[in-house]
Amino acid sequence: MKAYALTASDGTIEAVERDIPSPPARGAVLRVTRVGVCHSDVHLRTGAYDLGERGELTLKDRGISLPLVMGHEIVGELVSLGDEAGEVTSDMAYCVYPWIGCGDCFYCGRGEDNFCSKPGTLGVFADGGYAEYVVVPDVKYLFGIGDLDPSWAATLGCSGITAYSAVKKAYDAQVDNPVVVFGAGGVGLAAISILKGLGCSEIIAVDISADKLEVASEYGATSTALSGEVSLSKLTNTDASRPPAAIIDFVNSSQTAATAFDSLGKGATLVQVGLHGGQLVMPNPLVASRALAILGSYVGTVVELAEVVDLAKRGEIPAIPTEEFPLSLESINRALDRLHEGSARGRQVLTSSTTTAK
C-alpha cells in the first residue's frame, strides 16, 4: 500500500510503500476513506513543542519514533477482522477513536485511554491514516457514522471530542453567563456548535481573523472580538453581574492565556486546550481570592466519542465546514502549511475518493 510518512525531525514527509497490514486478534484493518489534517500534525512536523522558559518538548522526549505515518482523524471501511474481534457490520463506514492506550493501566481500565502513560495513539505513537489502510487494535474503538458526511465524521475523532470534552468542563450550572471561546478554527467552531446545541445563550468568539469570526457567527457565536483590538474584559463585563462562566482557549499561547486569565471573573473557569506553546504566569493570591479554576483538557475519552457521534447523528450539533483534498504528498504539505499560517477555514480533510473541494 501507499502511505505518507514523517521521516526526519526537519519535517520531511515522504511517500513510502508498506505491506497491507493484517488485523490484530481483537482488532480490524480499515481502508481509509477520509483523514483529517490536525494542528497537532503541524507540531509533529515541526518536531517540538514550545514550553516557554522550560525550553522545548521534542518528539524524542515524548517517545515518538520516526518514520511515522501521521493522521489521527480517520473514517474508513472495514477490510478484515481479527479472530477474536466478534461481529462488526462490514457495510458501514466507521469513525475511529485514535487515542488508544496500553489497555492494562488504571486509566485504560476506566475508559480514559487518553490519559495512559504508554499511549499507542494512531498517527502519533503508531501509524495513522495518511495511508491507504490503517490498523485499529480493538473494534471497541470503531463507531459507525450512519448517514453523516464522512469528512465531518472524520473530524469527530479529534476536533469533535476535543471540543466536546472541553465544553463539558466549561459549561456548568452558570448557564446564563457567557462562555468565551478563544480561537475560531476547526476545533473552536466545533465547540461553538456544541455550546449552541446545549443551549448556551451567550457565546463570545475571539480570533485574530475577521473572516474566521464571520464563520463563527454563522455557527452560533452571539458576539465576536478581534484579538488584540477589542478589550475582552470590556466586552464581557458590560453587565458586571454576568461575567464569563468560562473561557475555553483553543490557541493557548502565552498571549491568549494571559488575556484569558485577566478576563476571568470570580468563580470562573479557564479551560486550556491548545498546544500553541508558551506559558501562563499567574499571581497565586488572585487564583485563591477569585476562586478560579484552571483546567487542562486533552482530547477526550472513548465514551465521549460515542456521545458526540450520537449527538451528531441526532442532528443536535451542526456540522462544521470542511475542505476536501485528495490524499497525496502535495495535499498533506499544503494543508499543514495552511494550518501553520492560520489561513485554513474549518477543517481540512484528505479523501481517497474523487470529490470536489467544499
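This is a short tour of one structure, stop by stop, for you to follow in your viewer.

The model is predicted, so local features are described only at pLDDT of at least 70 and side-chain atom pairs only at pLDDT 80 or more, while totals for chains, interfaces and linings use all residues. Residues are numbered from 1 along each chain as its sequence is written, and side-chain values use heavy atoms, leaving out hydrogens and water.

**Stop 1: the six-stranded sheet**

Helices (H or I, at least four residues) and strands (E, at least two) are DSSP runs, numbered from the N terminus. Two strands pair if DSSP finds at least two bridges between them. Six strands make an open, parallel sheet in the order E13-E12-E11-E14-E15-E16. Select 223-226 and 293-296: these are the edge strands E13 and E16, each pairing on one side only.

Now select 203-207, strand E12, which pairs with E13 in the parallel sense over four bridges. Which residue of E13 is the bridge partner of Asp207? Look for Leu226.

**Stop 2: a helix across the sheet**

Select 254-263 to see helix H8, which lies across E11, E14, E15 and E16 and runs at about 175° to E14. Lying across involves contact, meaning heavy atoms within 4.5 Å. Axes are lines fitted to C-alpha atoms, for helices over the stretch in contact, and angles run from 0 to 180 degrees between N-to-C directions.

**Stop 3**

Start with Ala291, in the loop between helix H9 (284-289) and E16. Ala291 has a positive phi of about 50° although it is not a glycine. Most residues other than glycine have a negative phi, and most peptide bonds are trans.

Move on to Val299, in the loop between E16 and H10. Val299 also has a positive phi, of about 40°. Is Val299 buried or exposed? Val299 counts as buried, because its relative accessibility is 5%, whereas Ala291 counts as exposed at 51%. Buried means under 20% relative accessible area, exposed over 50%, and partly exposed in between (1.4 Å probe, protein chains only).

**Stop 4: the three-stranded sheet**

Another open sheet has the order E2-E1-E6, with antiparallel pairing. E2 (13-17) and E6 (68-69) each have a single partner strand, so one side of each is left without a neighbour in the sheet. Select 2-6 for E1, which pairs with E6 over two bridges; here Ala5 has Val69 as its bridge partner.

Finish at Pro67, in the loop between helix H2 (59-62) and E6. The peptide bond from Leu66 to Pro67 is cis, with omega near 5°.
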